[in-house]
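The tour below goes one selection at a time.

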Amino acid sequence: MSTIPTRPDFLIVGAGVIGCAIARELVRRRAGSVVVIDSGTPGAEASAAAAGVLAVNSSRSPRGALMRLKMRSAAMFPELVEALREETGIDVEYRTTGLLELAFDERDARELRAVVAKRHAAGEPAEWLASDRVREMEPSVAGDVAGGVFFGDDNAINNTRMVEALRVSAERGGARFLASLPLRRAERCGRRLVAAVAGDVRFEPGHLIVAAGLGSRAVGEIIDAKMPIRADRGEMVALRPQQPLLRTTVWRDGYLVPRNDGEVLIGATSGRGKTEKVVTPASLELLLRRAARMIPALAGAPLVRQWAGVRPMCTLRRPMIGPVRGYENVTVATGHHRSGILLAPVTAALIADSLLGAGSAELVAFKYKKKP
Ligand SMILES: Cc1cc2nc3c(=O)[nH]c(=O)nc-3n(C[C@H](O)[C@H](O)[C@H](O)COP(=O)(O)OP(=O)(O)OC[C@H]3O[C@@H](n4cnc5c(N)ncnc54)[C@H](O)[C@@H]3O)c2cc1C
């Protein structure tokens, strides 16, 4: 193994989707040398646990600065997917079949019609479908479906492949990834971070970028900067039905996401403050019940996998993206909660802009600061 470059221009802490996307963007822009350290295996934490839904028009989040960022990021995917295929040969399984949200009773239908009206008022696409149209779009849906909404622009991606492709692309561009190397200690001199010690290695980076997901809180303590990141555990299950599901299908808090290999992912629970990566019997029962309510045939499909991941949730209710206060050479990109896969491309672009001196008005809304 070649020697570790201990004085990189950029040292990224965390090799999840955010750290990998930033590394790729920096090498792509020839910004300087990049080293990415991870306390475990790159890509193995929240980014591996996700469902890969790129929810924009179907999202109930307020239409503010964060939603604009999500829309901008969603629009970056077609080009990114092609670029990653060229750079790495990896197909990230970008599915442009849209998202179908179901109504099973009057209450669901009322809520969905109200969402359609709001989306139309904002100029966003959303199409109300009568029950027969829903069953045309997804023939395996339960026969008593009352209607639904088709969000044609809400796509999906295979998140594990996406993280791998981002990492491989960054590596081919010259970035070094070092696994099993947790950041342990940092030294500062005035407004500069002068050293970062990870495992037994002492780095003297030009700039430190914190992209450690849930671990960002502890990294914040090491560098003496408050990073209010909390855990939100999500449990998931995968089935392999005989009939493939055609598109992402949602009912209330439950969703089904088809993968190219025929698996259907069922998501997801939300356990605030829970960090143990386990799937409980109660959650398993809930997820399978919701899935069978949408697609009855799933009740007889083999269960192939179950897993849990911990979403990094910021108490400011938005990600933290930008320079860290009190430092001139530390930047943060964390707290992407339920949308880190979706937000990775735009986060990488904003961080690279900020590091290379091309500030962006959008960054201001997400800059590290105590109060939003
Ligand atoms: C069940 C579930 C479903 C989801 N579904 C979706 C979805 O459909 N769409 C979507 O957009 N998002 C989804 N998400 C959210 C998304 O997965 C996260 O927002 C995203 O993965 C966060 O990426 P990250 O790189 O910040 O964190 P992570 O992927 O957790 O990466 C952080 C990395 O930092 C490393 N690290 C931590 N501490 C240190 C340290 N001290 N030193 C060195 N390295 C360190 C960790 O080992 C880890 O590899 C889902 C999440 C879950 C759990």
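What follows is a walk through a predicted model, from its domains to its core, a helix pair and some backbone details.

**Domains.** Colour the protein chain by domain. Domain 1 is made of three segments, 10-89 + 159-228 + 315-366, while domain 2 covers 99-152 and domain 3 covers 230-312. Now show domain 2 and domain 3 together. Their C-alpha centres are 21 Å apart, and nine residues of domain 2 contact twelve residues of domain 3. On the domain 2 side of this contact there are six nonpolar, one polar and two charged residues.

**The core.** Next, select Ile12, Val13, Ile22, Ala23, Val34 and Ile209. In the largest nonpolar core, which has 115 residues, these touch the most other members. Helix H9, residues 340-355, supplies eleven residues, the largest share of this core. In soluble globular proteins, nonpolar side chains tend to be buried together.

Stay on Ile209 and display its surroundings. Which residues does Ile209 touch, leaving aside those up to four places away in sequence? They are Phe10, Ile12, Val13, Ile22, Thr331, Ala333 and Ile351.

To see the contact from the H3 side, select Leu69, Lys70, Arg72, Ser73, Ala74, Met76, Phe77 and Leu80.

**Backbone details.** The last stops concern the backbone. Most residues other than glycine have a negative phi, and most peptide bonds are trans.

- Zoom to Gly267 and Ala268: the peptide bond between them is cis, with omega near -25 degrees. Ala268 sits in the loop between strand S16 (264-267) and strand S17 (271-272).
- Move to Arg317, in the loop between strand S18 (303-314) and strand S19 (320-323). Arg317 is not a glycine, yet its phi is positive, about 65 degrees. Is Arg317 buried or exposed? Arg317 counts as exposed because it has 12 C-beta neighbours inside 10 Å.
- Finish at His337, in the loop between strand S20 (330-334) and H9. His337 also is not a glycine and has a positive phi, about 45 degrees. With 18 other C-beta atoms within 10 Å, His337 is partly exposed.

Methods:
Residues numbered from 1 in each chain as written. Predicted model: local features only at pLDDT ≥ 70, side-chain atom pairs only at ≥ 80, totals over all residues. Domains from an automatic or database assignment. Contact = placed C-beta atoms within 7 Å. Nonpolar A, V, L, I, M, F, W, Y, C, P; charged D, E, K, R; others polar. Core = buried A, V, L, I, M, F, W, Y, C linked by C-beta atoms within 7 Å. Buried ≥ 20, exposed ≤ 12 C-beta atoms within 10 Å, placed from the backbone. Helix = DSSP H or I, 4+ residues; strand = E, 2+ residues; numbered from the N terminus.
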